[in-house]
Structures are given as structure tokens and as C-alpha cells.
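Keep the 3D view open and click along as you read.

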Amino acid sequence: MSEYQYDTCVIGAGPAGLAVARALAERNLPYTHLERHTAPGGLWDMENPGSPMYESAHFNSSKTTSAFGGFPMPEHYADYPSHRDILSYLTSFAEAYGLRDRIEFGVEVRGVEKNADGTWTVTRADGQVSVHSEVVVCTGSQWHPNIPDIPGDFTGEIRHTVDYRSADEFRGKRVLVVGAGASGCDIACDAARAADRAVISMRRGYWFIPKHVFGRPADTLAHGGPKLPMWLEQKAFGLLLRILNGDVTRLGLQKPDHKLFETHPVVNSMLLHHLQHGDITARPGIARTEGNTVYFTDGTSDDIDLILLATGYVHKVPVAQRYFGDEQHPDLYLSAFSREHEGLFGVGFVETNSAAYRLFDAQAQMIAGFIQDGRHKLLNADRFAQMIRSDRPDLSGGLKFVDSPRHKGYVDSGAFVKYLGKVAAMMGWRTEGRPPRVTSVRREAVAS
């Protein structure tokens, strides 16, 4: 195990876990990598028990802005790759960097315990234990559904989207989708094509960003365009959306009660299309239910067979909840470093308004840089440890996010990336992984 007595334990081999493994491997830092499933990919593998993936799912950010640093997505991928392509990309990433062979598959972690000497004991489901200097929890944030109470005595079926797989489940049914997140809008569009009746319920109005603007993925315009003050960007892009989408209230949608970007963006082109064609009916929040009838806050009602809750997830960390604290948003410095428990990290829990993989990569690189400097007893490690305890930067980017559970601890991606870069530069760490040494392995793996 090299010169160190204990290594770093990485729990989970989804996108976040793979980013962390690469960052550690690049620095020749010893690590143990555990994954309960039989393959890498996390929730993007529909065969992974408990995965929320469904047949029509595509990436909600474009391939251009979404890839890990040093490892772009293949040119032949669509602008918004399907879940199958994303799984293929993650698999090829693991193979290109030699990560797959180092993962212990079929190993479920039962718990993580902090020891008196500052090390960490990881207990597996079979009772086996191991001790590590650090633990990086990468178990993901979309496994534990948030299930609100539905008022009344609804006699139909109520499910959460975590169990949804395909539009075939809607045939012959009157379906109500509750929630307007990415999956809620996608699944409502599935219902529009397959259900006898499709209804979507939203408690508030939202800004709808089309996936393409002027023929280009919307996020490439945001990343490639001129940098404007946030108030001006809100005004200019808000005007553009009003021109592109028109008055969405004529489609039954509510007028947004907040400024653009003050909630998690709804990037979807098809929901408005189906509303315009009468395939979906938009309703406000649910007031009550009685039998199969759902009554809404505007006084309207619909007879419904299935209520599908697209109401998001809580960020539970069952393997180490006592150390992570809040189930909705763990208090982690830069959404990755435990403030209270030295040697404990988490990647995959950041809530922000852009593509996640580059953020995972930056967090992983900084964790690995911190561990490496700590191993060599450099002053940088002590300096950064002090920042973990005391530094609380404003990462809102000038936005006033709405008061909702999801937006507790929410960060603006631009402000987050800028601050990560500033801190990393101060410490002499990089924020992006390097290209693999043998790129042909990746090309063959992705093409197969």
C-alpha cells in the first residue's frame, strides 16, 4: 500500500466516484474503490437496483459543456445524449483511465465510523471492515425520493418517478404528473403520447428554456457569449425567452413568481409543444383529492387514475448520515469538504444551474490535491484545512434563489466555478483531469 499506512476509500462508482478515482490515480495516491452494483455508471445504468432512469431520459445539458475535463464526449453523440450514450461514456471513461479494474463490485457499504485517531472504519454488508485515512462518499443524490403528502383520500395509484421506466406504463390511464423538474417535464411528455389523458401540476410558474436557441444548444450560448452582469443577463435572456415562447399563461401555465435563474432552470422544448397541441393540460397545485378526482387550487378538477410524483429527492447519505447532517443539503465546504470531520468528503451533492461533471471533476481534483499535500505535510494542507472550517463565500452569483428545500445551499455555477478556480490556484492545484495516455482505448470502447 505504498508508504502510507492507510489509503482513501471511495464509495460509489457513478460519475462522481469515477472522477474522484481518476484524480487519486493521477497522483498515484492509494485508494480502495467500492461499488454495490456490478458495473460502473451509477444511476445511468437502468439495471442498477433503485436507479431512477427511464427510457426517454436524455442529458439535460449538452455534450459540449457536460464532459469531464480531458475526456470530451464523442463527436457522433447527439447534442443532448441519451441515457444509453451517457452510460457508454462513463464506462469508457473508467476503462480509458484503468479505473474499472480497481473497483470492487458487488460490495455494499453498511456504515462509516470515525475512529479516535482520526481514521475511518468502513463496514461492508458482509461484515468485513477496513480502516482508511480518508473517505470520499459518492453515493449520489437521486436515490431517495421526496414524497409529499397528497391531501384527501385519493383512491387511484400514487407513485414517485423513481420507479418509472417507460411510457407503456401509461396506456389506458389518465395520468397526473406533479412537478416541473427535468424528469417531470420529460415524463409528462411521455404521458402526452401514451396516456388517455395527461395533466401536469405545478405549484408555481417557471421560466422554460428551450434546449436549442438559434440552432445551438442553449448552454453553449450561455458559456460562449459575453459575460454580462447578472441583472442584465436576467433581463436580456428573459426578453429572448418571451420572444421565443410567447405568453405561456395562454397555455394554462402560471406566470413565474420569480426572476429568471432564481430557480433551477427548466430546460425543455417538448412540454410547450404538447401544451400547444392540447396533448397535456397544465394545472396549478393540488388542493385536495376525493376518490379518483383531483381538485386544483384554481377550482378546476380532473379524474385521474395515476398520480406520478416528480417531486425530487433528498440528499440522504445512509452510510454516514450522522457525519453529513442535513438530509436536504449537507453543510460541506465547496459542496465537497466536511467542515466538522477531517478526512471526510462528499462529491455529487452540489445543487447548481449547469452541467455537473466538470464540477465533480474540479471537486475531485481539489480533494486529491488536498490529500496529496497532507500526505507530504505541506503548509498548503494546513492552510486549506483552516479555510474548510471558516471560509463561507457567497456563491449565489448575485441571484436571490427562491425559498424552497431544493434551493437551500444552491449555488450559481458561474460563481462556483470561478471560486473553485481561485482557491485551487491559490493552493497550486488543478481543477481538471488530464487526458488518458492511450486515447484509442476510449474511442474503441465508445464506438462498440
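Serine 335 is buried, at a relative accessible area of 7%; buried here means under 20% relative accessible area, exposed means over 50%, and partly exposed is in between, using a 1.4 Å probe and protein chains only. You'll find serine 335 in the loop between β21 (332–333) and β22 (337–338). Helices (H or I, at least four residues) and strands (E, at least two) are DSSP runs, numbered from the N terminus. Not counting residues up to four places away in sequence, serine 335 touches His329, Gly346, Val350, Gln363 and Phe416, where contact means heavy atoms within 4.5 Å.

A quick word on the model itself: it is predicted, so local features need pLDDT of at least 70 and side-chain atom pairs count only at pLDDT 80 or more, while totals for chains, interfaces and linings use all residues. Residues are numbered from 1 along each chain as its sequence is written, and side-chain values use heavy atoms, with hydrogens and water left out.

Now for the greasy part. A nonpolar core is a set of buried Ala, Val, Leu, Ile, Met, Phe, Trp, Tyr and Cys residues joined through side-chain atoms within 4.5 Å. The largest one has 96 residues, and the members that touch the most others are Phe170, Leu271, Phe337 and Phe384. Helix α9 (residues 357–375) gives this core its largest share, ten residues. There's also a second, separate core of 18 residues, with Cys9, Val135, Val319 and Ala320 among them. Back to phenylalanine 384: leaving aside neighbours within four places in sequence, its contacts are Tyr333, Phe337, Met366, Phe370, Val423, Met427 and Trp429.

What about charges? Side chains of opposite charge can pair when their charged atoms come close. If a salt bridge is a side-chain nitrogen of Lys or Arg within 4 Å of a carboxyl oxygen of Asp or Glu, the model has 21 salt bridges. Here are some of them:

| Nitrogen side | Oxygen side | N to O distance |
|---|---|---|
| Arginine 27 | Glutamate 26 | 3.9 Å |
| Arginine 430 | Glutamate 26 | 3.0 Å |
| Arginine 159 | Glutamate 169 | 2.8 Å |

Arginine 430 sits in the loop between α11 (413–427) and α12 (439–447) and glutamate 26 in helix α1 (residues 15–26), so this pair ties together parts that are 404 residues apart in sequence. Glutamate 26 is partly exposed at 23% relative accessibility, and arginine 430 is partly exposed at 24%, whereas arginine 27 is buried at 11%.

Arginine 159 is in strand β9 (residues 157–160) and glutamate 169 in the loop between β9 and β10 (174–178), so here the linked parts are ten residues apart in sequence. Arginine 159 counts as buried, at 17% relative accessibility, and glutamate 169 as partly exposed, at 22%. Shared partners join Glu157, Arg159, Glu169 and Lys173 into one salt-bridge network.
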